[in-house]
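Please open the structure in your viewer and follow the stops below in order.

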Amino acid sequence: MIYAYGITWTGTALPPLRGLDGAALHALDVGRLRAVCSTLGETPRPGHAALLRHQEVLEAVMARGSVLPVRFGSCFSVAADLRAPLERHGPTLALALAEVAGHVELGVRARWAVPAPEAAPARRGSGRDYLAGRASQERARQAWRQQAQALADRLHPALLACATSARLRLLPDPGTPMASAYLVAAPRVDAFRRLVEDHRERLGHAHPDVTVHHSGPWPPYSFAPALDTEVASLG
Amino acid sequence: MSVASPDTPDAQQEVALVELVDRLLAKGVVLAGDVTLAVAGIDLVHVSLRLLVVSTERLEAGEGP
């Protein structure tokens, strides 16, 4: 089967790396687009080594040209199954690839020392008790959400000013008030990091229970276009 | 990739892993509906994968599962 790592331009040379399971990298070209692929004997298992190798291949491609990461685990029975969506979505993919040119993704993740409480099951008892429990849970959720929003209001606009584009998520999990991704022009990466660190120091006084981490540079995972092939959720 | 934070190395490593898993399983171009992972119950996939990765690291370090 064909395993796809990312999409770049046909002019981008393949890096001298092995892919998942030690398989060679090869290109599948459709118009101006090039999918960076390997041929695998079986579906990759999502272990530590496979995740890192997928990431390493994309980092190496990004060092040679613009790249749109393909979601981990994307396998195609035959080359035609990969070629078809590249043909169908070629203009969208080319536009997205042009937009990320010269940029990298940087991540910012704030964490609470004490996570927001998970929604506890409502107490058994009378209907009134049940409703009171539900109302209490909802108030607690709202309070945590307001705190997350207040933190994002302090941090996000300042960081966005140093970025070309951003994706912000509030409370993606109970320990994380915000996790955001910023598309930053390569020459501004150091300035962006300094900005995060400046804000981290200032936040430390007002929000001693919050730590702020920055990560990257990443290939622009968060700025890949959504295509109509995407299955939003099966759950 | 790298993570900078005021935390301990263990906490930094955990954040780096969360950031990586988050991107690989929940982001990126979805070219077809037959993606092997990451379409259903993404939070559960995250949790189980984090556990899997930690378990794998322990095994590699000879600590047992």
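**First stop: a loop residue**

Select T12(A): apart from its neighbours within four places in sequence, T12(A) is in contact with R34(A), V61(A), R64(A) and G65(A), where contact means heavy atoms within 4.5 Å. T12(A) belongs to the loop between β1 and β2 of chain A. Is T12(A) buried or exposed? Its relative accessible area is 6%, so T12(A) is buried; buried means under 20% relative accessible area, exposed over 50%, and partly exposed in between, with a 1.4 Å probe and protein chains only.

This is a predicted model, in which local features need pLDDT of at least 70 and side-chain atom pairs count only at pLDDT 80 or more, while totals for chains, interfaces and linings use all residues. Residues are numbered from 1 along each chain as its sequence is written, chains are lettered from A and ligands numbered from 1 in the order in which they are written, and side-chain values use heavy atoms, with hydrogens and water left out.

Next, select β2(A) and β3(A), which run antiparallel and are joined by 5 bridges; two strands pair if DSSP finds at least two bridges between them. H26(A) stands opposite C37(A) of β3(A). The hairpin has 2 residues between its strands, and G31(A) takes a positive phi near 60° there.

Now select I7(A), L68(A), L82(A), L86(A), L93(A), V29(B) and L31(B), which touch the most other members of the largest nonpolar core, a set of 26 residues. Such a core consists of buried Ala, Val, Leu, Ile, Met, Phe, Trp, Tyr and Cys residues joined through side-chain atoms within 4.5 Å. Two or more residues come from each of β1 (2-9), β2 (26-30), β3 (33-39), α2 (79-88), α3 (90-100) and β8 (176-185) of chain A. The most, 5 residues, come from α3(A). A second, separate core has 24 residues, among them V108(A), W112(A), L159(A) and V196(A).

Centre the view on V29(B): beyond residues up to four places away in sequence, V29(B) touches I7(A), L68(A), P69(A), V70(A), R71(A), L93(A), A224(A), P225(A) and L227(A).

**Last stop: the whole of chain A**

Finally, select chain A, whose secondary structure comprises 5 helices and 9 strands; these are DSSP runs numbered from the N terminus, helices being H or I of at least four residues and strands E of at least two. Of its 235 residues, 47% count as buried.
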